[in-house]
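Subject: Two-chain model for you to look at

Hello,

Here is the model I promised to send over. Please open it alongside this message; my notes follow below.

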Amino acid sequence: MSDIAISRPGLWGLRALFAATAIFLYAPILILVLFSFNRGTTAVFPIQGLTTDWYRQLFTNHDLIESLRTSALVAVLSSVTAVLLGVLMSLSLVRRRFLGKSVVTGVALAPLVMPYVVLGISLLILFNAAGIPLSIFTVTIAHVVVTLPFTVLILVPRLSRVDRSLEEAAQDLGAPPARTFLAVTLPLILPAVVSSFLIAFVVSFDEYVVASFLVGDRATYPIYLFSQLRFPNRLPQVLAVATVMLVVSFVIVLLAEVSQRFGEQRLLGR
Amino acid sequence: MVRPARSTIHQGSLRRGLATLALVLPPLGWLILFFLAPIVLVGMYSVGGLTLYRNDVYLTLDAWSRFLDGSVYLALFWKSVRMALTVSVLAVLLAYPVAYYLALCTKGRKYVLLLFIITPFLTSYLLRLLAWRVILGSHGVVNSFLLWSGMRRAPVEWLLHSPFAVILVLTYVWVPFVCLPIFVTLDTMDRSLLEAAGDLGASRWRTFWRVTFRMSTPGVLAAFAFVFIPTIGEFVTPLLVGGPKGFMFGNAIADLFGPGFDWQTGSVLGVFLLLVVGVVIGIFARSMRLSEVTSR
């Protein structure tokens, strides 16, 4: 900390701003959680007593459970595919030299800046033109496109810090490239692989825009949640499931972060 | 002796080339098939090079000229630009002091605090929107509180289903993310520059404007672009909290592919949005440097 960066009163001002921002960011989330325990059926002050009824009702809501299972399936399929493709892409970007590499890098990261509405309509046109009916698989295909850049962004930095001499040593000892990858490289980048899988999973699970164009008759969880917002009397249940998902996504993101840190330590040989 | 040696070298490089192809082809093929090709299809659709429904006109620029000739959609586009600009500027203004505080005024805990600020961005997007719906609705948290406490007699109607709501919620959504690139540029800045400015007698404000802020402009520009680009094509937030008055360009596209049912005009809007995003990326390309900003 250098004194030239901030004066004493200025420091208190910045602390206040930081605290205000933290409250601004967390208050809506906490309000959501608070009202999920509200006995009343509308989210109005004052709170009419606490209850866990809404949470208990979730277990008997078949449409909700069905949508959660659909989303879990889509998220697993798409994130496994995205991680596999992401590993291949990262290996070629970090370990190989080829013509047009910068173009390939650009293409691999481009979905990050693609407006999801346009991605949705463009795939809708593709599937329509090709005569492919919309289903959970069309959503899965789109989610692989959406999540692939995330996996590349997580894997490339990790891979580029793996000591190359380890791989060369394995190859000098006669291991074929595939064996070298499985026995040497993969264990070293495994935390990043896990982390990219978790991030891809969360992104897919929460994705509404692209799915809204491509989903067939089996609603994913965000689609179901959206459809429920039209009915005010379903709000308490929506808040309850929202709270559960909030906690789950928070835990998964935390796990991804821990996994990355863990990988950092392993790379440094601690 | 020379020839066989050469041919093994040649074979080796051929094999390596094939191995590279085997690595890069699956992911690249996926993106060509399900990302690039569909974009080409939208472009074709917008000029009638591809038609799927009866109201699509074969090979025509009519949809384009109707759009560009002062249509409601063009007006909606400019409204979306204004909203996206407002959101990006607000998000940067709110995030800058936080990033500055974390990077330059805290000691050991700065990464923990940074994670604390970013975490809301990593949790479900939908649920954060939902929270604001609950807060801003005419029977929502804010209004019921105002009525209950006696500060207002009637609910404030413009809180939800208004451009105000869209701008507020989008700013809320983006502030944590915006902290990241600004923090990175401030954190990696050479501190001795600050000391030097101080030693040379510059005041704190002067040091901030002439040194710190200038050093952080790449981060600020990157942050601005990272908010502006997705916001200009935003679709869910206006749908959930915007109402008809808060509709944006993305909603018009979705509507034309949904109830509005005019895929040709919708494709024109989509291609136009892509072109605009491309231009913005072109302008900000140098400061965006995706891989550097996102990998710590």
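First, a term you will need: a nonpolar core is a set of buried Ala, Val, Leu, Ile, Met, Phe, Trp, Tyr and Cys residues joined through C-beta atoms within 7 Å. Please keep in mind that this is a predicted model.

The core

The largest nonpolar core has 172 residues. Within that core, B:Ala95, B:Ala99 and B:Cys179 touch the most other members. Helix H7 of chain B (residues 163-187) is the top contributor to this core, giving 17 residues. B:Ala99 has contacts with B:Cys179, B:Ile182, B:Phe183 and B:Leu186, when residues up to four places away in sequence are not counted.

Start with B:Ser216. Helix H9 (residues 204-232) of chain B holds B:Ser216. Is B:Ser216 buried or exposed? B:Ser216 counts as buried, because it has 24 C-beta neighbours inside 10 Å and the cut-off for buried is 20 or more. Not counting residues up to four places away in sequence, B:Ser216 touches B:Ile182, B:Thr185 and B:Leu186.

Now B:Thr60. B:Thr60 sits in the loop between helix H1 (2-46) and helix H2 (62-68) of chain B. B:Thr60 has 15 C-beta neighbours inside 10 Å, so it counts as partly exposed. Which residues does B:Thr60 contact, leaving aside neighbours within four places in sequence? They are B:Val47 and B:Gly48. B:Thr60 and B:Tyr73 are 13 residues apart along the chain, and their C-alpha atoms are separated by 19 Å.

Where the chains meet

Chain A puts 70 residues into the contact and chain B puts in 75 residues. On the side of chain A that touches chain B, helix H1 (residues 8-35) of chain A has the largest share, with 13 residues. That side of chain A has 60 nonpolar, 8 polar and 2 charged residues.

Chain A as a whole

Chain A has 11 helices and 0 strands. Its radius of gyration is 23 Å, well over the 18 Å that the globule rule gives for 270 residues, so chain A is more spread out than a compact globule. The C-alpha trace of chain A spans about 70 × 65 × 30 Å along its principal axes. Of the 270 residues in chain A, 45% are buried. Among contacts in chain A with a separation of 6 or more, 79% join residues 24 or more positions apart.

The mean pLDDT of chain A is 89, and 97% of its residues score at least 70. Among the elements of chain A, helix H5 (residues 116-129) has the highest mean pLDDT, 97. The lowest, 83, belongs to helix H11 (residues 235-267) of chain A.

Chain B as a whole

Chain B has 13 helices and 0 strands. The radius of gyration of chain B is 25 Å, whereas a compact globule of 296 residues would have one near 19 Å. Its C-alpha atoms fill a box of roughly 95 × 70 × 35 Å along the principal axes. Buried residues account for 44% of the 296 residues in chain B. Of the chain B contacts with a separation of 6 or more, 68% come from residues 24 or more positions apart.

Best wishes

Note on methods. Residues are numbered from 1 along each chain as its sequence is written. Chains are lettered from A and ligands numbered from 1 in the order in which they are written. This is a predicted model: local features need pLDDT of at least 70, side-chain atom pairs count only at pLDDT 80 or more; totals for chains, interfaces and linings use all residues. A residue is buried if 20 or more other C-beta atoms lie within 10 Å of its own, exposed if 12 or fewer, and partly exposed in between; C-beta atoms are placed from the backbone. Helices (H or I, at least four residues) and strands (E, at least two) are DSSP runs, numbered from the N terminus. Two residues are in contact if their C-beta atoms, placed from the backbone, lie within 7 Å. Ala, Val, Leu, Ile, Met, Phe, Trp, Tyr, Cys and Pro count as nonpolar, Asp, Glu, Lys and Arg as charged, and the others, Gly among them, as polar. The radius of gyration is taken over C-alpha atoms; the globule rule is 2.2 Å times the number of residues to the power 0.38. pLDDT is the predictor's confidence in each residue, from 0 to 100.
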